Amino acid sequence: MPRYDFDMFTIGAGSGGVASSRRAGSYGARVAICEESRVGGTCVIRGCVPKKLLVYGAQFADAFADAAGFGWTVSVPSFDWPALIDAKDREIERLSQIYRSMLKNSGVELIEGRGVLVDPHTIEINGRSYTADKILIAAGSHPTVPDIPGIEHVISSNEALDLPALPRRIVIVGGGYIAVEFAGIFNGFGSEVVELIRREELLYGFDDDIRIALAQEMRGRGVEIHGRTQVARIEKRPHGYSVYTTIGQEFSADVVMYATGRNPNTKALGLAEVGVETTSNGAVVVDEWSGSSIPNIYAIGDVTDRINLTPVAIAEGRALAETLYNDNPIRMDHANVPSAVFSQPPIGVVGLTEEEARRQYGEVDIYSARFKPMKNTLSGRDERTLMKLVVDARTERVLGCHMLGPDAPEILQGLAIAVKCGASKRMFDETVGIHPSAAEEFVTMREKAVRPTKLAAE
């Protein structure tokens, strides 16, 4: 008789937890997974997927506006927000059911309810205990907001996906990727958007040229961005809300949205009680094998606060299953992970920013191109694309690729392979471009940008 009920028990049926559980189950492990909300996690239910669907919807405004330049006569379009939300909800439910089917087909037992650790091998759900040889924490993360007067009046990205009506005017607090993506969404649907950020520029951590260019394009679309601005309080009014800043500014809105960070979903999971080490914000401390301070307890995805991206959680989870149940030890490589921001216009990046490269390598060469996409020559749209390569001056290895403009995420996925393989600038130069396309700029840039100062390597 087995010593435990299961070989592996996963807490959290998001993308990472499902991927790891399915992979382990395919290798013959007896696996169970629990979920207190809907199967699919942040990405499928209240993150990447529904948000991208709204991005697609908002982009039709550009298509209607640009059509006239190409000879089309388009009547004044109308938009039905509840119809879009209803269509989005149907698609999310379809995907959630697919996740359920995948678990079932992989032999993974789904237990609905909140899982809490009782001891290193026991999980309690709805008053019933289950035991497992290995336990995987994959509970994801949640939006956080500061403790200021009136914070009870705000919504997060969760609620922004389910608003019953499109706000006429919205204030978005935050300058990260979630904030700029929703700013683009609501702006595209016709809302007046004000974005308040603590720093001088958007997207802290991204390449400075990209950050500055995005703000320029967003302002050109009518998004009102206020840098170095902090909110003091929020007050409810008869017909909306007033947001007051620390320097006395007042902004009125129908909806106030906060996108100022996320914390791991580890509170009240029983981690501290069984000895699992966590950081000050609740992230599970793990080693390169995703192992926690307790030998049989592992953690992947947002609960570890490493790189909080869905594909990273999936890769971490699959690597763990390979290691534990397929005699194939794999450590997730967190270097050169590509990412995208589905802002309007969108961003795609992989590798080091210019600042990071200068700190790590000292002397670097910068190649960049800023141009109006061919489509905009007839449409009359005044937006410009920015592409940038960061290159090690000594070895000519491409250290980073950055792009702001249409199709940036699609283009950067291919370049991520090249960067992961250690491609050189010469290899880029020897690659024939696809013409006419925006992507060909990445293999035709020849002139180095001249920078007035250089940072010494640390």
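Close look: one serine and its surroundings

A: Ser290 counts as buried because its relative accessibility is 4% (buried means under 20% relative accessible area, exposed over 50%, partly exposed in between, with a 1.4 Å probe and protein chains only). The model is predicted, so local features need pLDDT of at least 70 and side-chain atom pairs count only at pLDDT 80 or more, while totals for chains, interfaces and linings use all residues. Residues are numbered from 1 along each chain as its sequence is written, and side-chain values use heavy atoms, with hydrogens and water left out.

The backbone of Ser290 has a phi near 70 degrees, a positive value in a residue other than glycine. Most residues other than glycine have a negative phi, and most peptide bonds are trans. Ser290 is in the loop between α8 (271-274) and β16; helices (H or I, at least four residues) and strands (E, at least two) are DSSP runs, numbered from the N terminus. The loop between β16 and α9 (310-325) holds Asp305, which has a positive phi near 55 degrees. Asp305 counts as partly exposed, at 36% relative accessibility.

Ser290 is also one of the residues that line the largest cavity. Its lining consists of Glu288, Trp289, Ser290, Arg306, Glu316, Ala319, Leu320, Thr323, Ile330, Arg331, Met332 and His334. The volume is about 60 Å³, where a volume is the space filled by probe spheres set on grid points, joined across faces, edges and corners. On a 1 Å grid over the protein atoms alone, a cavity is a set of points where a 1.4 Å probe fits but cannot get out; a pocket is an open set with protein on both sides within 12 Å along at least five of seven lines; lining residues have an atom within 4 Å of a point. By class, the lining of the largest cavity has 5 nonpolar, 3 polar and 4 charged residues (Ala, Val, Leu, Ile, Met, Phe, Trp, Tyr, Cys and Pro are nonpolar, Asp, Glu, Lys and Arg charged, and the others, Gly among them, polar).

β16 (residues 297-299) runs parallel to β6, with 3 bridges joining them; two strands pair if DSSP finds at least two bridges between them. In this pairing Ile135 stands opposite Ile297. β6 (residues 128-137) also pairs with β1 (residues 6-11), in the parallel sense over 5 bridges, and Ile11 has Ile137 as its bridge partner. With β5 (residues 122-125), β6 runs antiparallel over 4 bridges, Glu124 being partnered by Ser129. The hairpin of β5 and β6 has 2 residues between the strands, and Asn126 takes a positive phi near 50 degrees there.

The structure holds 2 cavities of 30 Å³ or more. Gln344 is joined to Pro345 by a cis peptide bond, with omega near 5 degrees, and Pro345 is in the loop between β17 (339-341) and β18 (347-351).

Pro346 leads on to an open site. The second largest pocket has a volume of about 800 Å³. Among its 32 lining residues, those closest to the centre are Pro346, Pro373, Lys375, Pro406 and Asp407. Two or more lining residues each come from α3, α11 (374-379) and α12 (408-420), and α3 gives the most, with 7 residues. The classes in this lining are 14 nonpolar, 6 polar and 12 charged.
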